[in-house]
Protein chains: 2
Amino acid sequence: MAIKKNIAVLASGRGTNFEALARACQHPDFPAELKILVVNVPDAPVLARADNYGITTAVVDHRQFRKRKDFEAEVIRVLEPHGIDLVCLAGFNRILTGCFLERFPMRIMNIHPSLLPAFAGLQGLEVHRAVIEYGVKVTGCTVHFVTGDLDAGPIIVQRAIPVRDEDTPESLAVRVLVEEHQAYPLAVRLFCEDRLILAGRRVLVRAQ
Amino acid sequence: MAIKKNIAVLASGRGTNFEALARACQHPDFPAELKILVVNVPDAPVLARADNYGITTAVVDHRQFRKRKDFEAEVIRVLEPHGIDLVCLAGFNRILTGCFLERFPMRIMNIHPSLLPAFAGLQGLEVHRAVIEYGVKVTGCTVHFVTGDLDAGPIIVQRAIPVRDEDTPESLAVRVLVEEHQAYPLAVRLFCEDRLILAGRRVLVRAQ
């Protein structure tokens, strides 16, 4: 098979999507190697998961930087030695801007726990709470490229599930997370196999 | 079984959703009787479909009325003798307002060819064109109650389908329509079985 691509994960919290990617990367035929996990929260639980998988970690505490661009420059500096082809955000609670986006154009992915463009701009359980309060019958998750527009970059993979009458934000989060853990590795695989084609703001998938 | 509810359909065009409802109402165990089709376009093709099913039709040409409320009052007058419990919009190209909504509170349904709240405010092929241009991977249809807020009333039924790379607005319309023809009769059935419960802006379904 082709040479593997190098990926980095940026996270801030539990890191279940990090683990889904780490597990996918353990398969010999998965086209990516997870080189490094960078967290901006020094005690993020995701760090322990990385240790379990023997994956290099780095902490870049955003509170140590007065300016966002200095924080981002430090993350870039930490990533630099690893030859990163793709940056995957997994519950990363910082918004990325100018210099970072320019360093990795259409090479940063994020996962959002709704069917974008619906319920953009919210995070975590807030998304599921809004979904339930609005009363939609179908929700899901979206893997998309990160651009300067929050939750509005080109969409790579979406998966849908039904919302049930008895759902709470917590129960919905659990079922959407199951889909996230499938969608994110799929999106990374397609990227690393060079199969994603950008057409306008659509992401088309080349046949293998 | 319980006494059937009386429904009316308001349409302006082809009327494939009208036909889906007319066909459903032919089943002896379907809890609704389709009493009348009202169109606002004198030569709407849907009129011929109604004739095929032996359903009463009426034309209320909105161009004959200077004020929207006079048009709506005339539609109400036409419906009155039929003891209508539920009004179903099926490709009806007029926005309903004040007096009509007050006459049938939470008794008017519409179907929209997207997963609302995404791609609200558009009509027909425009919806599918926007879906494709935005690049979502999942779309569908929504049956909702009609309120004063365009395409934003409480959602009764949604069904999702994948968007394919090769889709055109036309091909997507065809596949979404298949879902519409299942979703609309289902929503009408649930309403007519008195199984819909409004909770905030959620529509819950009582078990049978």
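Guide: Let us begin with B:His144, which is buried with a relative accessible area of 3%, where buried means under 20% relative accessible area, exposed over 50% and partly exposed in between, using a 1.4 Å probe and protein chains only. The model is a predicted one, in which local features need pLDDT of at least 70, side-chain atom pairs count only at pLDDT 80 or more, and totals for chains, interfaces and linings use all residues. Residues are numbered from 1 along each chain as its sequence is written, chains are lettered from A and ligands numbered from 1 in the order in which they are written, and side-chain values use heavy atoms, with hydrogens and water left out.

Visitor: Where does B:His144 lie?

Guide: B:His144 lies in strand E6 of chain B, residues 138-145; helices (H or I, at least four residues) and strands (E, at least two) are DSSP runs, numbered from the N terminus.

Visitor: And what is B:His144 in contact with, leaving aside its neighbours within four places in sequence?

Guide: With those neighbours set aside, B:His144 is in contact with B:Ile108, B:Met109, B:Asn110, B:His112, B:Leu116, B:Asp151, B:Gly153, B:Pro154, B:Ile155 and B:Ile156, contact meaning heavy atoms within 4.5 Å. For B:Ile108, which is 36 residues apart from B:His144 along the chain, the separation of the two C-alpha atoms is 8.5 Å.

Visitor: B:Asp151 is in that list. What is its phi?

Guide: Phi of B:Asp151 is near 55 degrees, a positive value in a residue other than glycine. Most residues other than glycine have a negative phi, and most peptide bonds are trans. B:Asp151 sits in the loop between E6 and strand E7 (155-162) of chain B, and is buried with a relative accessible area of 8%.

Visitor: What about A:Asp151 over in chain A, buried or exposed?

Guide: A:Asp151 is buried, with a relative accessible area of 9%, and it too has a positive phi, of about 55 degrees, although it is not a glycine. Its place is in the loop between strand E6 (138-145) and strand E7 (155-162) of chain A.

Visitor: You mentioned peptide bonds. Which is the peptide bond from A:Leu116 to A:Pro117, cis or trans?

Guide: That bond is cis, with omega near 10 degrees, and A:Pro117 has its place in the loop between strand E5 (108-112) and helix H5 (125-134) of chain A. In chain B, the bond from B:Leu116 to B:Pro117 is likewise cis, with omega near 10 degrees, and B:Pro117 is found in the loop between E5 and helix H5 (125-134).

Visitor: Changing topic, what does the side chain of B:Asp167 reach?

Guide: It reaches the backbone nitrogen of B:Arg164 at 2.8 Å, and it also makes a polar contact with the side chain of B:Arg175 (2.8 Å). A polar contact is a pair of N or O atoms within 3.5 Å; within protein, one must be able to donate a hydrogen and the other to accept it, and residues adjacent in sequence count only if both atoms are side-chain atoms. B:Asp167 lies in the loop between E7 and H6 of chain B and is buried, with a relative accessible area of 7%. Not counting residues up to four places away in sequence, B:Asp167 touches A:Arg202 from chain A, together with B:Ile132, B:Pro162, B:Leu172 and B:Arg175.

Visitor: And A:Asp61, where is that?

Guide: A:Asp61 is in the loop between strand E3 (56-59) and helix H3 (68-79) of chain A, buried at a relative accessible area of 10%. Its side chain reaches the backbone nitrogen of A:Arg63 at 2.9 Å, and, leaving aside neighbours within four places in sequence, A:Asp61 is in contact with A:Asn40 and A:Pro42.

Visitor: Why is helix H1 of chain B largely enclosed?

Guide: Nine of the 11 residues of that helix, residues 16-26, are buried, so it is largely enclosed by the rest of the structure. The elements covering those buried residues include strand E1 (5-11), strand E2 (32-39) and helix H6 (169-192) of chain B.

Visitor: Last one: how many helices and strands does chain A have?

Guide: Chain A comes to six helices and nine strands. Of its 208 residues, 54% count as buried, and along its principal axes the C-alpha trace spans about 50 × 45 × 35 Å.
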